[in-house]
Structure formats: C-alpha cells, structure tokens
Amino acid sequence: MEVSPLDTIAAACACDHKPCICPTTTRVLQFVMSSPPGAYFTEEQRKWCLKEIGFFELHRAERYVGHDDTVLARGVMEAWRDYAREQGLL
Ligand SMILES: [Zn+2]
C-alpha cells in the first residue's frame, strides 16, 4: 500500500489480529475510529480522507464534511470495504 499523510500518526491498532498485520494507514484509521470523538487529523490528513472517500463515491465525501475525525476515519474504512466488496475481494 502506498504511503499516506496519515502514516505520520503513531497509533496502536484496534483490530482483532494478533499480531497486527495491518498496513500503517489502516492501523491509524482503526485507532482513530475507535477513539473518543475529537480531532486527530491535521487539515492535510482530513483532506486526504475526504479525497479517499470521494475516489470511490464522489457524493459520499460531501456527507463527511464537518464531521469529526472518528466519523471521517470510519468513512474511509467503509469506502474501502465497499469497494473491495464490489470488486469481489471480500
Ligand atoms: Zn491491526
């Protein structure tokens, strides 16, 4: 997986895998979406998240504007999951 602006965040993963084999970006998203609501991302990181969601479904990214970072992180994970499902990868 390519490097994202999120990879600069040091995060403990919240997944069930032991040991965790998640790529760094996934680990950060898991960490943020399972954290208390609040601000975790920089402006650049938020933009990346919205772009990532919009890449799969443009109108969908608009729904996340103004939401806090835990909601945004979940949005990226859901966009990825839906995409993988559509491609028959899940
Ligand atoms: Zn993990």
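**Figure 1. Contacts across the chain in the predicted model.** Among contacts between residues at least 6 apart in sequence, 44% join residues that are at least 24 apart. The chain has four helices and zero strands, and from the N terminus on its elements run α-α-α-α. For 90 residues a compact globule would have a radius of gyration near 12 Å, and the 13 Å of the chain agrees with this. The C-alpha trace spans about 35 × 35 × 25 Å along its principal axes, and buried residues make up 26% of the 90 residues.

Figure 2. Helix α2 comprises the 14 residues 43-56, which at 1.5 Å a residue should span 20 Å, in agreement with the 21 Å between its end C-alpha atoms.

**Figure 3. The largest nonpolar core.** This core has 15 residues, and those with the most contacts inside it are Val-28, Val-32, Ile-53, Ala-73 and Val-76. Each of the helices α1 (24-33), α2, α3 and α4 supplies at least two residues of the core.

**Figure 4. The surroundings of Val-28.** When its neighbours within four places in sequence are left aside, Val-28 is in contact with Leu-6, Asp-7, Ile-9 and Ala-11. Val-28 is also among the residues with the most contacts inside the largest nonpolar core.

Notes:
Residues numbered from 1 in each chain as written. Predicted model: local features only at pLDDT ≥ 70, side-chain atom pairs only at ≥ 80, totals over all residues. Expected span 1.5 Å × (residues − 1). Core = buried A, V, L, I, M, F, W, Y, C linked by C-beta atoms within 7 Å. Buried ≥ 20, exposed ≤ 12 C-beta atoms within 10 Å, placed from the backbone. Contact = placed C-beta atoms within 7 Å. Rg over C-alpha atoms; globule rule 2.2 N^0.38 Å.
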